[in-house]
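Visitor: I would be grateful for a close look at a single part of this structure. Please describe its setting and then connect it to other parts of the chain.

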Amino acid sequence: MSDEPLGIGIVGVGGIAESHMAALRSTPNGTLVAVCDVVVERAKQVGEREGCPAYGSLAELLADPAVEAVICCTPNLTHEALGHQIFAAGKHLLMEKPLAMTPDGARALQADAAARGLTLMVGHSHRFSEQGLAIREAIDSGAIGTPRFVRLAMNGGWIWPGWQHWVLNPELSGGHSFHNGVHLTDLAAWLLGEQADTVFSSGQHATSEALQIFDYLVVGLGFPSGASAICEISRGDNPRNASYVELTVVGTEGVVSREWDAEGVLAWLDHGMAQWGPDGVSAGTFVRELESFVDAVRGRKDVEPPVSFAVHAVDVATASEESLVTGQTIRISETIKIGATA
């Protein structure tokens, strides 16, 4: 156990990496010691800005002795192979969601980290949001009794840079069930305190029928206790910067719901909605996630979410994509090979 800042390298310096770098600038618990990207010039620009070495390959970054842990911010298809490479170098890993694109791949990474005694954490960041934590606290206090139903909606306008973005290619992203859907399905499992056993999904091409993925998706989850959840995720709303979030948990003794004012100050303008959080709505989320990761690496607390829940999120995403194809309710125990859990 050490109180020294954790030396962290980031692989992939695209959009989500900016949130992690901002978090690193906001906490004394970790420090950015290196970055790498397959686009070497982009890595060099970021390295110069952040004051750290920049590399053109993960192998070079992993050879840097200052790197104790890695945050992986690369396309979903690369997660499994890069994760094993990071573990082979003896580094701890914060993997951007999803953990992998197949259940077997997720379990292989889980087993690899455990065998080497390394920390594996997956960035299911909504567990660290102020609204998520507040609702979890209300549940834990017993204020609403036993949670029985969760309704989650996170809808917004087009966020991807363009039609050629890798997220729109199902071979690279796995589809919306994997890329954004895992945020909601993991949040539902966390709030209900159990893992789903049935999945039914329905999707639409809200922006264009030319899309290869559904940019609007509803995932219905059933749980062993009889609890249920509805998860609605959209990236096809108009106008482009529209935003809507709904978090509601119905318990045996009451209901807890996230209100609009959780956004801070809202303004509906002719080009959509603008919002101003008094201290940065998302910034605190990534700081709390990063500090939780450092605490887990240093042995001060358990990994959050438990790796078994991150693996389960991949199971659910896989079942969701199967349901979209077949139009059937998918029972996870019948279609996913269940392996060891952490």
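Guide: The model discussed here is a predicted one. Ser323 belongs to helix H11, which spans residues 307-326. When neighbours within four places in sequence are set aside, the contacts of Ser323 are Val199, Phe200, Ser201, Gln328 and Ile330.

Helix H11 also packs against another helix, H5, formed by residues 103-116. The axes of H5 and H11 lie 9 Å apart, and the angle between the two helices is about 170 degrees. Since angles over 145 degrees count as roughly antiparallel, H5 is therefore roughly antiparallel to H11. On the H5 side, the residues that meet H11 are Pro103, Ala106, Arg107 and Gln110. Their counterparts in H11 are Val307, Ser308, Val311, Val314, Asp315 and Thr318. Sorted by class, this contact between H5 and H11 comprises five nonpolar, three polar and two charged residues.

Gly7 is part of strand S1, residues 6-11. Beyond its neighbours within four places in sequence, Gly7 is in contact with Thr31, Val33, Ala66, Val67, Glu68 and Ala69. Gly7 and Leu32 are 25 residues apart along the chain, and 6.2 Å separates their C-alpha atoms.

Technical notes: Residues are numbered from 1 along each chain as its sequence is written. This is a predicted model: local features need pLDDT of at least 70, side-chain atom pairs count only at pLDDT 80 or more; totals for chains, interfaces and linings use all residues. Side-chain values use heavy atoms; hydrogens and water are left out. Helices (H or I, at least four residues) and strands (E, at least two) are DSSP runs, numbered from the N terminus. Contact means heavy atoms within 4.5 Å. Axes are lines fitted to C-alpha atoms, for helices over the stretch in contact, and angles run from 0 to 180 degrees between N-to-C directions. Angles under 35 degrees count as roughly parallel, over 145 as roughly antiparallel, 65 to 115 as roughly perpendicular and the rest as oblique. Ala, Val, Leu, Ile, Met, Phe, Trp, Tyr, Cys and Pro count as nonpolar, Asp, Glu, Lys and Arg as charged, and the others, Gly among them, as polar.
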